[in-house]
Amino acid sequence: MDNKQEAQQRADQIQSFYDEVKLLESDQVLQLGSDQREAVAYYHERLLATLTEKFDIDTSSRQKQLSAGMKIASFIGALALAASVFFLFYQFWGYFTTPVQVSLLSSAPLLTLLLTWWVSRREATGYFAKLLGMVSFACFVLNLVMLGQIFNITPSDKALLAWAAYGFILAYAFDVRLLLAMGILSLAGFIAARTGSWSGLYWLSVGERPEHFLLPALIIFTVPLWMRQQHYSGFAPIYRVFGCLLFLLPVLVLSNWGYGSYLPWDATVIEGAYQVLGFVVSAGLIALGLRRQWPDVINTGNAFFVLFLYTKFFDWWWDIMPKYLFFLVIALTSLLLLFVYKRVRLQSQLTEDGRG
Amino acid sequence: MGKLLLAAAVLLLSTNAVVLSGVAYNRAGEPFVGIDLTERELTIAQSYRRADENSGTAVSLQWQVPGADGEPPARRYARRGSPAWLDEAKLSGLGFDLTALNNDNEHYRRKGRMLTREVVLVLEYNGDTYRQALSSAQDKVSQFREKLAKSPDDEDRAKKLEHYEKWLTRLKVSHTRLYVVDAGFDKQALAEKYADGNKYLFMRGDIGLRWNDGAVTGQIRRVHVRQVHVPLPYSNQLAELAQGRRFNAHNKDPIPPRYRIRINIGKRLEPWIAAVAPIAGGNQGE
């Protein structure tokens, strides 16, 4: 068992096993002997104790519900605390001399890093350590932004690389998906800004040329293929989802705003080409997700396929159709999609039955 | 986890060391340029929100470009215009392929507007360019006075005269006298060309392109460091001198500048404030 996610899956499997045995016994299909029952219970008890000790998993549905609440609270708390650190500094930094400002800014990420490590050793669930890790990341962002302001340093994209590195290190050290997302976004920003400057673009204007995000998207999507993530819960889906988002969002923008492209064609042709690409890639992602059993990729592909479709409908029909008819068409399309998915689901079920 | 923690600590320390050593290098030895500017060129940056929670102080660098045709430029286009010195030869020298741009105008009109070149900008303070703008505005005022004297009932001319008189007053009292007069890649060569110590400022910025009636012209897109941080004790001095009254070059009744700031530019062309002094009685000539 390599990570918390796999351990939790095993615990859920055990819980399902007992639920099923209970039903089978009540329907008098199966009757386990007391020796067998005790042996299985003893084995599961020991296994769950080990998994709980190692990964702090939830062994009951009540615990699972509480954990979900803790995750939400920790996520909101991390974002709010990071914002609070920013505003706290802004509120008072004007009253400090430059040496005090520099000392505070440089020491804050280091101190919060040490605090994160200290808390992670004392608190098994890891929620507080994750929250503090996010604060440490925010302190480092503040550190570089404010040093830039205090010393009037020319803005540089290299800061994004430093933030990406720190985000990745913290994410892997404390198993935090939110920090992995921060690292991915910073890295994508850096690659896009750097390739943008090579093409004669001011690095802060990189958003005006969405094509610069396509290369980082491909790199990020493929990370789990050449760097195994089995020791970290949910890291591979984060890479894949952000890879998809960083590819499909620029494609969506360019499919409506051809002037933002480098392609030497007419804006209308470019928009058409990106619309086709958007449909092909999102459909391809759904197929890839089904084949590789990546639900995250299937969902992202689905969402973008529908988004591309509805954007097209809006372009074609919003102005010429009465509103009731437009929304009726949208509803009918959704129904059609439901039938298509149902058929695909049935086919996949039949294939599995055939294999069985 | 131990190795990752060590890597994180090393990353934090080394990044700070690199940033701070860059600052030390920029400020080491004699400044590349030192110049005294007034509130007209360095206005206190203020938030327009009611409750500003930022306790820091910064001054915004106010600059403009000389009007291409000698006319006093309309104030909202003061930065956006194409200065006469940024001609085709200069743009080609800065690496823009004007032949390609002009040959495929329709394509580049949209695509090329985002192309920029990072350059060293030369900003002239209170020099010939400012005096030309002043004299041009004065000529305009004289012309309209003469015209109005001939036909005193012409309301349109009266309005135009009022407009130019206001423009002239602002130009004399509150407008910035900092004009971008040249650009290049070699800061040393530019410093030798513009050697008058208290007259020229060198900043990093971008030059881009714009299309005027199908013709490609150059434009100053931005100065990279737009605001200069004011540290203690200078921030307290500025607050005392400004007395909470907002300075705005476009105010109906322009207020004369109230302070002078010594600004140094270092080896990396990054500025810092070296001194703040009051201007006695808000001298209009300052």
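Two strands pair if DSSP finds at least two bridges between them. Helices (H or I, at least four residues) and strands (E, at least two) are DSSP runs, numbered from the N terminus. This is a predicted model, in which local features need pLDDT of at least 70 and side-chain atom pairs count only at pLDDT 80 or more, while totals for chains, interfaces and linings use all residues. Residues are numbered from 1 along each chain as its sequence is written, chains are lettered from A and ligands numbered from 1 in the order in which they are written, and side-chain values use heavy atoms, with hydrogens and water left out.

**View 1. The open sheet of chain B.** Here four strands of chain B line up as E5-E4-E6-E7, with antiparallel pairing. At the edges are strand E5 (178-184) and E7 of chain B, each of which pairs on one side only. From one strand to the next, the twist averages 45° (axes are lines fitted to C-alpha atoms, for helices over the stretch in contact, and angles run from 0 to 180 degrees between N-to-C directions).

**View 2. Strand E6 of chain B and its partners.** Ten of the 13 residues of E6(B) (residues 200-212) are buried, so this strand is largely enclosed by the rest of the structure; buried means under 20% relative accessible area, exposed over 50%, and partly exposed in between, with a 1.4 Å probe and protein chains only. Nine bridges link E6(B) to strand E4 (residues 116-125) of chain B in the antiparallel sense; look for B:Val119 opposite B:Gly205 of E6(B). Strand E7 (residues 215-223) of chain B runs antiparallel to E6(B), joined by eight bridges, and B:Arg210 has B:Thr217 of E7(B) as its bridge partner. In the hairpin of E6(B) and E7(B), two residues lie between the strands, and B:Asp213 takes a positive phi near 50°.

**View 3. Helix H5 over E4 and E5 of chain B.** Six bridges pair E4(B) with E5(B) in the antiparallel sense, and B:Glu124 faces B:Tyr179 in E5(B). Helix H5 (residues 128-150) of chain B lies across both E4 and E5 of chain B, at about 130° to E5(B); contact means heavy atoms within 4.5 Å. You can find B:Asp139 in this helix, partly exposed at 43% relative accessibility.

**View 4. Helix H10 of chain A.** H10(A) (residues 267-292) has 26 residues and spans 36 Å from its first C-alpha to its last, close to the expected 38 Å (1.5 Å times one less than the number of residues). Among its buried residues are A:Ile270, A:Tyr274, A:Gly278 and A:Leu285. Just after H10(A), A:Gln293 takes a positive phi of about 55°.
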